[in-house]
Amino acid sequence: MSKNFVFDVDYVRAQFPALSKSVNGYPEAYLDGPGGTQVPRRVADKVCEYMFYQNANHGGAYRTSQTSDALIEECREVFAQFFNCSPDEVSFGENTSSNNFKLAFAFARMFKPGDEILITDIDHEGNRSPWRLLEQLGMVVKSVKINEETITLDFEDFKSKLSDRTKIFAINWAANSCGTVSDVKKFIAEAHRYGAITIVDAVHYAPHKVIDVRDIDTDILQCSAYKYFGPHLGITYCRKEIGEKINTTRVQAYDNADMPYRLETGTLAMELVSGAAEAVRFIADIGARHMDQIEDEVKGLTGLRKEIVAGIRAIEYYEDSLADALRAGLSEIEGLKIYGPGEGAPRTPTVSFRIDGINANDIAVRLGEYGIDTWDGDYYAIRTIREVLDLVPVGGLLRIGFAPYNLMSEVDRVIKVVTDLVNERRNK
């Protein structure tokens, strides 16, 4: 990408009504992206449009029901372009954690005591807890260690814990704790050598990086639309031949349902499905607007897939510039430590840090007074932050994550507020 890349942030920001708000006289800066982004008006309009004009249950003999059914299938096609898969491999559910619990319960009915499940120490509990519960049914759950300094997965430890008994390998693509991006393709290939089914949590990855399930060859991948401008909805990619074998739990009238319906327990929140697909179209719109600068990177792609990939690439370049500037500024503050992989390593635009002698919650509260929204604590990356890094005594980490509506002036504001806080504490 050329260093002359210009992101039209004003065009993006104009679509988010929330950006008109202020706190204590400061424009509200939503730097809480990893917890969920703000929503463009077009997504909310799409949800309302469904509820006002297309609201009907599935399978009716009348026009509105048929229109609704056609719309949901169109939304599957949109997400098929997002994932690079077939529409009948796209299913919808409440959220990624709930979808994982349903998968775990389904697989539990297919496994036997002594079968093994491999998870990781870097994952959000949404991709750990569902599988750990299966220990109560006699299954063995192992967890891949992380390097404490770089917050990266230990591939050798992973290989040592694989065996012919491994039935499931669950891994996240990007860590919500500090943005580490793992080489899931390498992990998946190794797991498949033992016949394990692979499940990728892409919740933190999807807003920032291009997803291609065919390229990484995973069996299942999950993400949540509210992390990238949509409503609270979970979306699952499941390889068709895997999905057809899963002993799912759903309304008995449809026990023999084909993919993708067999992964859906009942009537969908169809208005949210419509809004989630519109969020993907919003990303595609960003791609179309920046296509002249991205064209070389999307050669060979066509249609909506091309625009989606271009949109994600444009977002990635812009967000990375903000994160780079923030890390550079924070690194100048004495006693401040940033957690995550080293410079140049794959990562999302998520910056997590602590300051000697200052609780993470105190930092979050001070930033909030200046209209800067952040997260502190463990953000459900409990194994990483509480147990491996032992950061409970200092309140965990302060986390800042960027979205394409953020500004460099907001980065400057963070650096100033944090610097002033540190100086104030030292002068007491």
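These notebook entries record what I looked up in a predicted model.

**Entry on strand β11**

I began with strand β11, which spans residues 220-224. I noted that five of its five residues are buried, so the strand is largely enclosed by the rest of the structure.

I next looked up the partners of β11. Strand β10 (residues 197-201) pairs with β11 in the parallel sense over three bridges. Strand β12 (residues 234-238) pairs with β11 in the antiparallel sense over five bridges. I followed Q222 in particular: Q222 is the bridge partner of D201, and Q222 also stands opposite T236 in β12.

**Entry on helices α2 and α3**

I turned to helix α2 (residues 41-54) and helix α3 (residues 63-83), whose axes are 10 Å apart and meet at an angle of about 155 degrees. Angles over 145 degrees count as roughly antiparallel, and I therefore recorded α2 and α3 as roughly antiparallel to each other. On the α2 side I found Y50, Y53 and Q54, which meet T64, T67, S68 and L71 of α3. The residues of this contact comprise three nonpolar, four polar and no charged.

**Entry on R313**

Finally, I located R313 in helix α12 (residues 303-330). I recorded R313 as partly exposed because its relative accessibility is 26%. Its side chain makes a polar contact with the side chain of E316, at 3.2 Å. Setting aside neighbours within four places in sequence, I found R313 in contact with V210, I294 and E297. I also noted that the C-alpha atoms of R313 and H290 are separated by 9.5 Å, with the two residues 23 apart along the chain.

Terms used. Residues are numbered from 1 along each chain as its sequence is written. This is a predicted model: local features need pLDDT of at least 70, side-chain atom pairs count only at pLDDT 80 or more; totals for chains, interfaces and linings use all residues. Side-chain values use heavy atoms; hydrogens and water are left out. Helices (H or I, at least four residues) and strands (E, at least two) are DSSP runs, numbered from the N terminus. Buried means under 20% relative accessible area, exposed over 50%, partly exposed in between (1.4 Å probe, protein chains only). Contact means heavy atoms within 4.5 Å. A polar contact is a pair of N or O atoms within 3.5 Å; within protein, one must be able to donate a hydrogen and the other to accept it, and residues adjacent in sequence count only if both atoms are side-chain atoms. Axes are lines fitted to C-alpha atoms, for helices over the stretch in contact, and angles run from 0 to 180 degrees between N-to-C directions. Angles under 35 degrees count as roughly parallel, over 145 as roughly antiparallel, 65 to 115 as roughly perpendicular and the rest as oblique. Ala, Val, Leu, Ile, Met, Phe, Trp, Tyr, Cys and Pro count as nonpolar, Asp, Glu, Lys and Arg as charged, and the others, Gly among them, as polar. Two strands pair if DSSP finds at least two bridges between them.
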